[in-house]
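Please open the model in your viewer and keep the selection panel at hand.

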Amino acid sequence: MKIRTRFAPSPTGFMHVGNLRTALYEFLTAKHGGGDFVLRIEDTDQERYVEGATDVIYNTLKIAGLTHDEGPDIGGDFGPYVQSERVGLYKPYAEQLVKEGKAYYCFCTKERLEKLHEDGVIGYDRHCRDLSADEIQKLLDSNTPYVIRQKLPLTGETTYHDCVYGDITISNEELDDQVLIKADSFPTYNFANVIDDHTMGITHVVRGSEYLSSTPKYNALYDAFGWDIPTYIHLPLIMGKSVDEDGNEVISKLSKRHGSTGFMDLINEGYLPEAIINYIALLGWAPTTNQEIFSMEELIANFDINGISKSPSVFDYNKLEWVNAEYIKAMDFESFTNYAKPYYDQYGLTEDKYQLLSEILQPRITRFTQIAEKLTFLKEFSDFDLSLFEHKKSKSNKETSIAALTDMIPALEALDWNSEAISNLLTGYATEKEIKNSVVMWPVRIGAAGVAVTPGGCAEVLILLGKEESLKRLKTSLDRLTKE
RNA sequence: GGCCCGUUGGUCAAACGGCUAAGACAUCACCCUUUCACGGUGGAGACACGGGUUCGAUUCCCGUACGGGUCACCA
């Protein structure tokens, strides 16, 4: 049988990485087996409706590379794929169960249920479970509002199988007579979910482990209708690390207080979609080899339910950062430059410098957004601390710097401005004076950049600044050094 | 609180009764080097605890502790 999985988000306008990972595993489960991945929008809660929220879902899936085979936007044989367009579909199923004696009308008011809870009753007391036909008819005739509840077994126990967690058994006494149809005649989420999954032919239900304890209720519905129970794949949760008021580190379910946990947030911070997907694929799943970098094709080929872990995992920005850097380093010149171009433009850098820029930046950044900070020295040149000229490892101090700058400025001035010429001049000078290269490289780089850390070495810095600006800065620096 | 699930280094994790318990990120040291990166080499660092079962337990069973989830006319 062809595998069919589904991603069924509520349109909240925000795609959490936890949801995205669920979608990814659903996608991979289907694709690994050559199956279909279905998108269904669960928007039965009108109160929570957010404008444009479904577009966020489409965009996220598109950027993430999780292309669905059926969905509201592209159609399919099992539509409609938006729950609000299916509302009329659910109640007949519930009525059918009532007729068969597997469900019943419940006329209890919310007030009565609240009172029950106040009195310490857990769940529903099944007050309406055994009303007589007369009583029911009377209440119906008087238009008393009602919900439809399913009759669940009072004794015994239920066992089901999950591909990740194994066999799970629970006592039937734990099961409440669940509401199927609400007083407003809308289906409850659980009910709609089962009806939709079945009528859409979903074979593998992949979802977060928070559904582990309600799964027996879902199964009770499949059983009541005589439908096949789908294969269950429950996923461990993703956790975040944060610090509480007392300064203690706490680990809890990933949420906004852990920083950027929305897919789009991460994109805006400069993480590549492929890197995010790659990273979260490895959060809760491990391949059989030590491979860490996976393309989507490789994920599809290697994904295996057996590799899914049971225990929750902590979202680690460090590792995401590393994965992102791996993707950046693997880019060819063209694509790297494409991503970097907006930042180059920001600094007024012309195309003739792209080659050099990309070369020196590519191994140095872990996110594209870092380019700006790496290049600030091009725009800013202030009265930096002259102690920067002192550097033991480069055997440099203010005296050696004055000497080097004094000799090098006029020599540079006479130079044809290219990387090779600059390097030759500086190393040649070092050889001639029998000093280490760094004794001349260090002061020239510092004198021109005005900061200790620069992307690239002395020659690169000078090229990026250009001849005029470089010499201007070097003279200023020498001036300040000698005056001191 | 009841029920369910989980527990290998700081983090992600491999191992599905038999080893000196992989690997990756982070961290530290050294090398490379024209600063910083990149790259290379190496170091430190883990089976929550207590009972069983077994010739032998990280692995199986039972408790304890800790963590998480769930108990709606919400999704």
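Select helix α16 (residues 419-433) together with helix α18 (residues 458-465): in this predicted model, their axes come within 9 Å and cross at roughly 135 degrees. Helices here are DSSP runs of H or I with at least four residues, strands are runs of E with at least two, and both are numbered from the N terminus. Axes are lines fitted to C-alpha atoms, for helices over the stretch in contact, and angles run from 0 to 180 degrees between N-to-C directions. Angles under 35 degrees count as roughly parallel, over 145 as roughly antiparallel, 65 to 115 as roughly perpendicular and the rest as oblique; α16 and α18 are therefore oblique to each other.

Two notes on conventions apply throughout. Residues are numbered from 1 along each chain as its sequence is written, while chains are lettered from A and ligands numbered from 1 in the order in which they are written. Local features need pLDDT of at least 70, side-chain atom pairs count only at pLDDT 80 or more, and totals for chains, interfaces and linings use all residues; side-chain values use heavy atoms, with hydrogens and water left out.

Next, select β3, β4 and β7. The three strands form an open antiparallel sheet in the order β3-β4-β7, where two strands pair if DSSP finds at least two bridges between them. β3 (103-106) and β7 (179-181) stand at the edges with a single partner strand each, so one side of each has no neighbour in the sheet. Neighbouring strands of this sheet are turned by 40 degrees against each other on average, direction ignored. Four bridges join β3 to β4 (residues 147-150), and Y104 has R149 in β4 as its bridge partner.

Move on to β5 (residues 157-162) and β6 (residues 166-171), which run antiparallel and are joined by six bridges. A hairpin of three residues connects β5 to β6, and D162 is bridged to G166 in β6.

Finally, display RNA strand B. Zoom in on G456, where a polar backbone atom is 2.3 Å from a base oxygen of RNA strand B. At Y189, a backbone N or O atom lies 3.2 Å from a phosphate oxygen of RNA strand B.

Notes:
A polar contact is a pair of N or O atoms within 3.5 Å; within protein, one must be able to donate a hydrogen and the other to accept it, and residues adjacent in sequence count only if both atoms are side-chain atoms.
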